[in-house]
Amino acid sequence: MTLVEKILAAHCSRKAVCPGELISAGVDVVLANDITAPLAIKEFRRIGVDRVFDPQKVVMVPDHFVPNKDIASAEQAKMMREFAREQGLVYFEVGEMGIEHVILPEKGLVLPGDVVIGADSHTCTYGALGAFATGMGSTDVASAMATGEIWMRVPPTIKFVYHGQVSKWVSGKDLILYTIGDIGVDGAIYSAMEFTGEAVEGLSMDSRFTMANMAVEAGGKAGIFRVDDRTIDYVKPRASRPYSVYEPDEDASYSRIIEYDASQIEPQVAFPHLPSNTKPISQVGDIEIDQVVIGSCTNGRIEDLTIAAEVLRGKHINRRVRCIIIPGSRDVYLEALRRGLIETFIESGAVVSTPTCGPCLGGHMGVLAAGERCVSTTNRNFVGRMGSPESEVYLANPAVAAASAVLGKISSPEEVAHK
Amino acid sequence: MKIQGKVHKYGADVNTDVIIPARYLNMYEPDELARHCMEDIDSDFINRVKPGDIIVADTNFGCGSSREHAPLAIKAAGVGCVIAKSFARIFYRNALNIGLPILECMEAVDKTDAGDLLEVELSTGDIINTTRGLNFKAEPFPDFMLELIESGGLIEYTRRKLAASHRD
């Protein structure tokens, strides 16, 4: 069995499962946010049960439109807050909160071997911890909140092997963008993506979260990594309950095995309007920009901010660019303060915001006007994703985003370093 | 369960951000969402769509976010069903969970144009293009799924089942 098959088998009390089988799996964590929780709560009420199956396993995080961007968003956040209080759920208020997929691992709420379902497509982020995590809709989450179980089809697993070591300025973001560029936005549809090889073994946990996060951008049901020493170092000080480490069998059956030479992969930029529309930075050409966003569940962690600061230190944001930097959680924000990164950002002319998903989905804190172009470390560049349907979003890693902010056009960090 | 209507045709990778842009996710009532359905790729859709009309699209329909608001908006706009070459997996679950029928059929997508009239019988998977006199076949829904769709979605279906088992 593959890693995913082992986790799923353990969650439906079976010795083995195989791809294509329908199972009903127990869930360790059920998640919703201020956009998806209201619908889930409405459906939960209609089921006719009074209490969630286990309040310690249901997590609600206001992060998309908070601090409330308008009255309607305030009503949704209020509805979620009141439900969380009534049911005694795990809940993070503004001030303590962060972007859901940054704080759940940070607080030790998701652990290796877990099955997690979340009413947010980027729930797949937790695969970096060796957990099976997948996004679903509000009705599925309502049903799982009531029963603690969810039906699903066991997905086939595609194994990705990244040979060699990545070059400077190349991160997990570039490996995953390169992969999506290769297989397409439905290249892993209905499948689990298992990320392996020397190059990913050398990646930090933050970079692994970035890769697992974007599995859904290739249509994947989950993105997953094997647990190694680096995972355990991350998890151990955070875990307050036991967890299980699963290993794929040597004779595990994969639907495909795709191999890349990571040493040949440059920083990638995904052009409008699909994450698969990628080019290496050396082939981007002259593209002037109006805005840069560094943050999100994809790239809002401390490593991301550290790299951005390395590029921005002693430089000034180009006069025609707004650069918006958003730490992914309170802990990331505090650590960035301690390391002096926030000072670097503000001195360079960037804006620093409290944690929020905000601009990534065109919510607030940096919505684009018609004709504007943005380089963003987020995960989607669909038509209208960050604002006007006539705006453009280019996806990149934090180093490229920071360099682009300095030079006013999409740029390699090398160009800033040599300036 | 029979559906008849005019075709609104789209390409590949129709994502949830264009089905219902996030700027409208500060509300969740289906009728409110429907007013903005498909706004960013087809601003006139909501004026043209009639009850029972059918969306026909290429591969990976509904890719992107997990927002259930997307199938809710389509259903409340009056769309009777969506036919595509393939669906993104979260959208697939969400559509059935809220009682919006969706069918996969490569041939029907290739041989159908915007404005054609289609008749779809969910229990058999038959798709008839009455404008062109063509017949296609999709995988029929099993009985429980037809019942789920007729109930209006998973929650209502579950409620009815529970109520029936309490009566027994």
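User: Let's start with a helix. Which strands does α5 of chain A lie across?
Analyst: Helix α5, residues 138–147 of chain A, lies across β2, β3 and β5 (115–118) of chain A. The helix runs at about 135 degrees to β2(A). Keep in mind that this is a predicted model.

User: And what order do the strands of that sheet come in?
Analyst: Five strands of chain A form an open sheet, ordered β4-β3-β2-β5-β6, with parallel pairing. The edges are taken by β4 (90–91) and β6 (132–135) of chain A. Each has a single partner strand, so one side of each is left without a neighbour in the sheet.

User: How many bridges link β2 and β3 of chain A?
Analyst: Four bridges, in the parallel sense, between β2 (residues 29–33) and β3 (residues 58–61) of chain A. For a spot to look at, find Leu31(A), which stands opposite Val59(A) in β3(A).

User: What actually holds strands together in a sheet, in general?
Analyst: Strands of a sheet pair through backbone hydrogen bonds, and the pairing can be parallel or antiparallel.

User: Where's an antiparallel pair, then?
Analyst: Go to chain B: β6 (residues 126–129) and β7 (residues 134–137) run antiparallel and are joined by four bridges. Ile128(B) stands opposite Asn135(B) in β7(B). These strands make a hairpin with four residues between them, where Gly133(B) takes a positive phi near 65 degrees.

User: Switching topic: how many residues of chain A are in contact with chain B?
Analyst: 40 residues of chain A are in contact with 34 residues of chain B. On the chain A side, the elements giving two or more residues are α2 (37–47), α3 (71–87) and α5. That side divides into 17 nonpolar, 14 polar and nine charged residues.

User: What about domains in chain A?
Analyst: The domain assignment gives domain 1 (3–260) and domain 2 (267–417). Their centres, taken over C-alpha atoms, are separated by 24 Å. In chain A, 35 residues of domain 1 are in contact with 34 residues of domain 2.

User: Which element gives the largest share of the domain 1 side?
Analyst: That's α6(A), with six residues. The elements of chain A giving two or more residues to that side are α4 (100–106), α6 and α8. By class, the domain 1 side has 15 nonpolar, 12 polar and eight charged residues.

User: How do α6 and α8 of chain A pack?
Analyst: Helix α6 (residues 172–183) and helix α8 (residues 205–213) of chain A pack at about 20 degrees, with axes 8 Å apart. Angles under 35 degrees count as roughly parallel, so α6(A) is roughly parallel to α8(A). The crossing of α6(A) and α8(A) is right-handed. Among the contact residues are Leu175(A) and Ile176(A) of α6(A), along with Thr210(A) and Met211(A) of α8(A).

User: Which strands does α8(A) lie across?
Analyst: β9 (192–196) and β10 of chain A, and α8(A) runs at about 150 degrees to β10(A). Those strands are in an open sheet of four, in the order β10-β9-β8-β11 of chain A, with parallel pairing. The edge strands are β10 (222–225) and β11 (256–261) of chain A, each pairing on one side only. The twist in this sheet averages 20 degrees from one strand to the next.

User: Last one: what pairs with β11(A)?
Analyst: Strand β8 (residues 157–163) of chain A does, in the parallel sense over six bridges. Val161(A) stands opposite Glu259(A) in β11(A).

Key. Residues numbered from 1 in each chain as written. Chains lettered and ligands numbered in written order. Predicted model: local features only at pLDDT ≥ 70, side-chain atom pairs only at ≥ 80, totals over all residues. Pairing = 2+ DSSP bridges. Contact = placed C-beta atoms within 7 Å. Axes fitted to C-alpha atoms, helices over the stretch in contact; angles between N-to-C directions. Nonpolar A, V, L, I, M, F, W, Y, C, P; charged D, E, K, R; others polar. Parallel < 35°, antiparallel > 145°, perpendicular 65-115°, else oblique. Left-handed = near helix turned anticlockwise from the far one by under 90°. Domains from an automatic or database assignment.
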